[in-house]
Amino acid sequence: TFRARRDPVELELTVFIPPDQPAEIRLLTIRNHAAVAKRFRVVPFYELALAELAQDSLGRLQVRTDTGRGAYYFSNPANDFRHGWAFVATTLRVVHQEHVRDRFIGGPERDLGRPYLVEHGVGDAGAGDSGRRIASFVGEIEVAAGGEAQVAVVLGQVAELRQAEAMAERYASLEVALAALADTKRYWAETLGELRI
């Protein structure tokens with residue numbers, strides 16, 4: 001769990017892998033300690049390679065965008081390490097999705113420290129396409145005064161596209177992500193709680 005505070009906002013990012021699922025879940029909690037409601041733009045970002053080296057996947061990734069579910073599916077048929085479909089899904093109410101890294105970052109005067117998509121809420125249509133693929137979502141959250149809000153993002157890989165779609169649909173629920181976190185904590189408490197001599 002990573003924590004940061006920028007008064008009056010407290011951020012907490014919990015990263016975990018359920019022991020029985022081929023996925024990593026990131027749970028973002030935003031707490032608003034101010035006396036007024038605050039609105040936040042949340043922009044998760046993952047760069048996909050699906051190869052031994054990132055440059056080995058340039059122009060080779062098949063990408064499917066699921067705007068209804070707020071998900072992406074990626075496959076690299078030339079990947080010798082692992083075949084199948086990677087998926088990225090979120091519980092965020094998505095208003096825009098982007099899978100081209102150059103459109104996410106923007107022109108040559110920008111970098112990952114100041115990406116175009118984060119600033120404008122949409123990708124830079126004038127940017128090129130180097131062939132690097134990402135999964136990025138844009139959504140806005142309003143957090144009430146003294147309240148908190150949570151967003152989950154899941155990343156994983158399975159053998160078949162149908163499995164990836166089922167996993168993305170399952171983890172598009174915050175309740176499922178929170179239950180997975182509770183199960184993961186319970187698993188590690190039981191595993192590490194045994195004393196063997």
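The paragraphs below lead from the chain as a whole to a few of its residues. The structure is a predicted model, in which local features need pLDDT of at least 70 and side-chain atom pairs count only at pLDDT 80 or more, while totals for chains, interfaces and linings use all residues. Residues are numbered from 1 along each chain as its sequence is written, and side-chain values use heavy atoms, with hydrogens and water left out.

The chain has four helices and 11 strands, where helices (H or I, at least four residues) and strands (E, at least two) are DSSP runs numbered from the N terminus. The radius of gyration, taken over C-alpha atoms, is 18 Å, close to the 16 Å that the globule rule gives for 197 residues, so the chain is as compact as a globular protein of that length; the rule itself is 2.2 Å times the number of residues to the power 0.38. Along the principal axes, the C-alpha atoms fill a box of roughly 50 × 50 × 30 Å.

Of the 197 residues in the chain, 44% are buried, a term that means under 20% relative accessible area, with exposed meaning over 50% and partly exposed in between (1.4 Å probe, protein chains only). Contact means heavy atoms within 4.5 Å, and among the contacts in the chain with a separation of 6 or more, 66% join residues 24 or more positions apart.

Leaving aside neighbours within four places in sequence, Asn-79 is in contact with Leu-50 and Ala-51. Leu-61 is 18 residues from Asn-79 in sequence, and the two lie 9.5 Å apart in space, C-alpha to C-alpha.

The aromatic rings come next. Rings of Phe, Tyr and Trp (its six-membered ring) pair if their centres lie within 6.5 Å, and planes under 30 degrees apart count as stacked, over 60 as edge-to-face and the rest as tilted. By this rule there are four aromatic pairs. In the pair of Tyr-187 and Trp-188 the ring centres are 5.1 Å apart and the planes stand at 80°, so this pair is edge-to-face. Tyr-187 counts as partly exposed because its relative accessibility is 35%, and Trp-188 is partly exposed with a relative accessible area of 43%. Elsewhere, Tyr-72, Phe-74 and Phe-137 form one aromatic cluster.
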